[in-house]
Amino acid sequence: SRCYGIVGVNVPNMAFPTTELLGMMFPNPDDFYILWFQKHKIPEAHMNGNLRTVIDQSFRRRDHDKVGDAPVLTLAERNANPILTLESPEPDGLPILSDTELEDYCAAHSRNGFFGPTSWYRNIDRNAELLPQVGATPLDLPVLQIEVPEDAFVPANAGDITRALCSDVEVVSITQSGHWTMLEQPEALTSAILDWLERKYKTSD
C-alpha cells in the first residue's frame, strides 16, 4: 500500500546474485569486482590509496567515435575488475564527470573511504537470504523499466526479464549510454520517467 509504482533504471527485476553463482562465471575471484570485494580489507585499502584514479576511471562512457558500432563486450569478454588495472596507460572510454564534480566525489570519499560502498557488495549473500522474494515474486503494480543495451554490467534484455514477473510493464530503451544513464543521458531518462508518471498517475485538475 506504500508503493504505487516502480521505476527500474538499467537493472531489471531480478534476484540478488550470490557469490556461488558468480563464482561459476568467474572461478578466479580477482577477475570480477564483486567477488574481489569479498576479501577482507584488501579492496578498500587499494581503492583508498588510489582514490582519484578509481573515481575518474569508474565514471567513464563509451567513446562512440573510437569504437563505432562495435558490439558491447559482455562481462565475460571484458575486464570485469578494472580496479586492479588502474595503471592502464589509456583509460577505457571518455570521462563523464567535470573537473568540479570529480573533486566533489573525491572530497566525499576522502572523508569515509570505500568501506561503506564495498560493504553493500559484501552483503549480497545475506541480501539473497533475507529477501528471496526479490526477482521471484510477481509484481502487480505499474513498472517502468529503463533498458540500456550498452550497459555491460546488466543483462541487455532487461525489459524481457522485468516483463516475466510484472503485470503492467512499459519498457523504454535508451541508447548512447552505459551504466551511468542518469549522468550520460539525463534528459532522455528524466523525460521517460516524467512521461510515464504523467500518464500513469495524472490527477484531475
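**Figure 1. D160 in helix α9 of the predicted model.** D160 has its place in helix α9, which is made up of residues 158-163, and the structure shown in this and the following views is a predicted model. Because its relative accessibility is 46%, D160 counts as partly exposed, a class that lies between the buried limit of under 20% and the exposed limit of over 50%. The view also includes E147, which is 13 residues from D160 along the chain, and the C-alpha atoms of D160 and E147 are separated by 9.5 Å.

Figure 2. T181 belongs to helix α10, which covers residues 181-184. This residue counts as buried because its relative accessibility is 0%. A polar atom of the T181 side chain lies 3.3 Å from the backbone oxygen of G178. When neighbours within four places in sequence are left aside, the residues in contact with T181 are V9, N10, V148, I174, P186 and L189. One of these contact partners, N10, is taken up again in the next view.

**Figure 3. Two residues with positive phi, N10 and Q176.** Most residues other than glycine have a negative phi. N10 is not a glycine, and yet its phi is positive, at about 70°; Q176, likewise a residue other than glycine, has a positive phi near 55°. N10 is found in the loop between β1 (6-9) and α1 (19-25), while Q176 lies in the loop between β5 (166-173) and α10. With a relative accessible area of 2%, N10 is buried, whereas Q176, with a relative accessible area of 42%, is partly exposed. N10 is also among the residues in contact with T181, and Q176 is among those touched by Q185.

**Figure 4. Q185 in the loop between α10 and α11.** Q185 is placed in the loop that joins α10 to α11, the latter helix being residues 186-201. Its relative accessibility is 22%, and Q185 therefore counts as partly exposed, since the limit for a buried residue is under 20%. Not counting residues up to four places away in sequence, Q185 touches I174, T175, Q176 and S177. For T175, which is ten residues from Q185 along the chain, the separation of the two C-alpha atoms is 8.5 Å. I174, touched by Q185, is also in contact with T181.

**Figure 5. The protein chain as the setting for the close-up views.** The secondary structure of the chain comprises eleven helices and five strands, and the C-alpha trace spans about 55 × 40 × 35 Å along its principal axes. The radius of gyration of the chain is 18 Å, which agrees with a compact globule, because a globule of 205 residues would have a value near 17 Å. Of the contacts between residues at least 6 apart in sequence, 79% join residues that are at least 24 apart. Buried residues account for 30% of the 205 residues in the chain. The accessible surface comes to about 12,400 Å², and carbon and sulfur atoms contribute 55% of that area. The chain carries 16 positive and 30 negative side chains, and the centres of these two sets lie 5 Å apart.

Key. Residues numbered from 1 in each chain as written. Predicted model: local features only at pLDDT ≥ 70, side-chain atom pairs only at ≥ 80, totals over all residues. Heavy atoms only, no water. Helix = DSSP H or I, 4+ residues; strand = E, 2+ residues; numbered from the N terminus. Buried < 20%, exposed > 50% of the residue type's maximum accessible area, 1.4 Å probe, protein only. Polar contact = N/O pair within 3.5 Å; in protein donor to acceptor, adjacent residues only side chain to side chain. Contact = heavy atoms within 4.5 Å. Rg over C-alpha atoms; globule rule 2.2 N^0.38 Å. Areas by Shrake-Rupley, 256 points an atom, 1.4 Å probe, with all protein chains shown as cover. Lys, Arg positive; Asp, Glu negative; His and termini not counted. Charge placed at Lys NZ, Arg CZ, Asp CG, Glu CD.
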